[in-house]
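Trainee: Could we go through this one together, slowly? I'd like to see how you read it.

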Amino acid sequence: MSSQDYDCIVIGAGVQGSFTAYNLAKNNKKTLLLEQFVLPHSRGSSHGQTRIIRKAYDEDYYTHMMEECYQLWSQLEKEANVKLYRRTGLLVMGPEQGDYQVFKSTLERNKVPIVILPREEFSQHIPHVNLSQGNAALVDTTAGVLYADRTLKTVQGQFQKLGGVIKDGQKVIDITPGSVVTVTTVSGVYRAKRLVITAGPWANTLLSHTGLQLPLQVIKINVCYWREKIPGSYNVQHRFPCFIQLESEEAKHHIYGLPSNEYPGLMKICYHTGAETDPDERDRQTDRGDIDILQRYITRCFPGLVPIPAVVESCMYTVTPDNHFVLDLHPTHSNIVIGAGFSGHGFKFGPIVGKLLCELSQGEVPSYDLSPFRIRRFQAHSKSAL
Ligand SMILES: Cc1cc2nc3c(=O)[nH]c(=O)nc-3n(C[C@H](O)[C@H](O)[C@H](O)COP(=O)(O)OP(=O)(O)OC[C@H]3O[C@@H](n4cnc5c(N)ncnc54)[C@H](O)[C@@H]3O)c2cc1C
Ligand SMILES: O=C(O)[C@@H]1CCCCN1
């Protein structure tokens with residue numbers, strides 16, 4: 001084995017690649033984590049200060065995975081002596097008869113502690129918010145905020161402490177599959193027995209070197225922050241929760257928000273979709289249709305916010321047709337593992353995705369049933385659509 005050889009190479013140091021590399025190093029695998037940009041960076045999907053963590057989901061399998069995932073987040077906090085999670089609760093609001101009932105049943109079935117907020121008591125619990133006509137509301141009390149940038153710094157730091165190697169500013173430009181995979185970057189050539197591709201919005205660019213393309217759509221999200229009219233009204237210190245407003249007539253996708261925290265006096269509220277973009281041309285995508293929807297919603301439901309965004313940042317989603325992740329082996333090269341298509345909700349799963357991709361790369365039986373995340377679901381889908 002030459003010094004350039006590794007047990008495993010992971011391409012992409014976003015949240016998923018960083019947790020995967022960390023798990024591999026914990027399992028004593030000689031691991032190289034390659035990143036195209038100089039770290040830390042804000043050009044992918046994992047940057048920014050905060051993300052929501054919650055057990056409130058439509059599907060039982062996500063709620064199940066979150067049970068263990070909360071423990072893994074807490075283990076990492078202890079191991080690195082750093083605070084990554086702050087409990088705030090998650091307010092779920094939605095038309096009484098729609099998806100809201102599915103969320104509620106999943107939470108109840110899985111015995112997640114929730115509080116139902118009857119309309120007449122709503123404003124007493126959640127001041128400064130108007131519950132839309134015909135909407136119901138509950139709080140997933142286990143939910144909260146994850147500190148995103150701090151997470152990446154922590155996981156990458158722990159990986160290095162375990163002997164892992166990070167090479168940033170090294171864009172991968174070629175992959176040659178084989179029993180030993182060769183990975184060529186702008187400044188080096190590396191070999192490994194196994195490869196994990198966690199390249200976020202660039203997944204298909206990298207997969208093209210392996211003869212595979214996935215049905216992924218890259219979407220630019222305008223990350224909007226809105227100013228409090230009275231400072232503190234929606235502040236994390238005043239126990240204001242995260243929220244999700246489920247689809248309604250007015251907005252065909254979720255609207256979600258996090259209490260003011262990172263920028264004093266500004267609350268983050270975004271629309272759960274945006275316009276398609278080339279990940280390398282993100283800044284040329286200037287569609288603001290989502291901001292119009294948010295302005296109307298904020299005027300009506302968050303009267304304590306100025307309905308003009310004070311700060312607009314950007315981030316990208318990589319979306320699959322069914323919004324479920326891709327966690328699988330490459331269909332023709334079994335020593336290549338793929339983690340992709342996190343569809344705008346993957347951050348909270350970082351610790352468990354890292355564990356699963358590590359298991360897959362080592363040929364172990366994964367800890368969870370991965371059938372919802374298999375690549376072959378897309379083939380079945382396109383066949384049945386014919
Ligand atoms: C606005 C916004 C809000 C979100 N809110 C939430 C939330 O509240 N809760 C939640 O759980 N999730 C949330 N998400 C989703 C979550 O952030 C993503 O699912 C997650 O960050 C995806 O991580 P990733 O590692 O797959 O991708 P990325 O973070 O994009 O990482 C991929 C990495 O691969 C690198 N790379 C690509 N190509 C190459 C190459 N050729 N050579 C070397 N390196 C390469 C990239 O530079 C990048 O660093 C949100 C996402 C956005 C954008
Ligand atoms: O993953 C999450 O929890 C959030 C919720 C709403 C949509 C964006 N992502």
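Trainee: How are α1 and α2 set relative to each other, roughly parallel or roughly perpendicular?

Mentor: In this predicted model, α1 and α2 pack at an angle of about 70° with their axes 14 Å apart, and they are therefore roughly perpendicular to each other. Roughly perpendicular covers 65 to 115 degrees, while under 35 counts as roughly parallel, over 145 as roughly antiparallel and the rest as oblique. The axes are lines fitted to C-alpha atoms, for helices over the stretch in contact, and angles run from 0 to 180 degrees between N-to-C directions. Helices are DSSP runs (H or I, at least four residues), as are strands (E, at least two), and they are numbered from the N terminus.

Trainee: Which residues meet there?

Mentor: F19, Y22 and K26 in α1 meet W73, L76 and E79 in α2, where contact means heavy atoms within 4.5 Å.

Trainee: What kind of aromatic pair do F19 and W73 form?

Mentor: The structure holds 22 aromatic pairs, and F19 with W73 is an edge-to-face one, 5.5 Å centre to centre with 80° between the planes. Rings of Phe, Tyr and Trp (its six-membered ring) pair if their centres lie within 6.5 Å; planes under 30 degrees apart count as stacked, over 60 as edge-to-face and the rest as tilted. This pair links distant parts of the chain, since F19 in helix α1 (residues 15-26) and W73 in helix α2 (residues 60-80) are 54 residues apart.

Trainee: And are they buried or exposed?

Mentor: Both F19 and W73 are buried, which is under 20% relative accessible area, with exposed over 50% and partly exposed in between (1.4 Å probe, protein chains only).

Trainee: What about Y61 and F373, how do they pair?

Mentor: Y61 and F373 are also edge-to-face, at 5.7 Å centre to centre and 85° between the planes. Y61 is partly exposed because its relative accessible area is 25%, whereas F373 has 0% and is buried. Ring pairs join both of them to Y57, Y62, F325, F342 and F349 in a cluster.

Trainee: New topic: how should I read the numbering and the values?

Mentor: Residues count from 1 along each chain as its sequence is written, and chains are lettered from A and ligands numbered from 1 in the order in which they are written. Local features need pLDDT of at least 70 and side-chain atom pairs count only at pLDDT 80 or more, while totals for chains, interfaces and linings use all residues, and side-chain values use heavy atoms, leaving out hydrogens and water.
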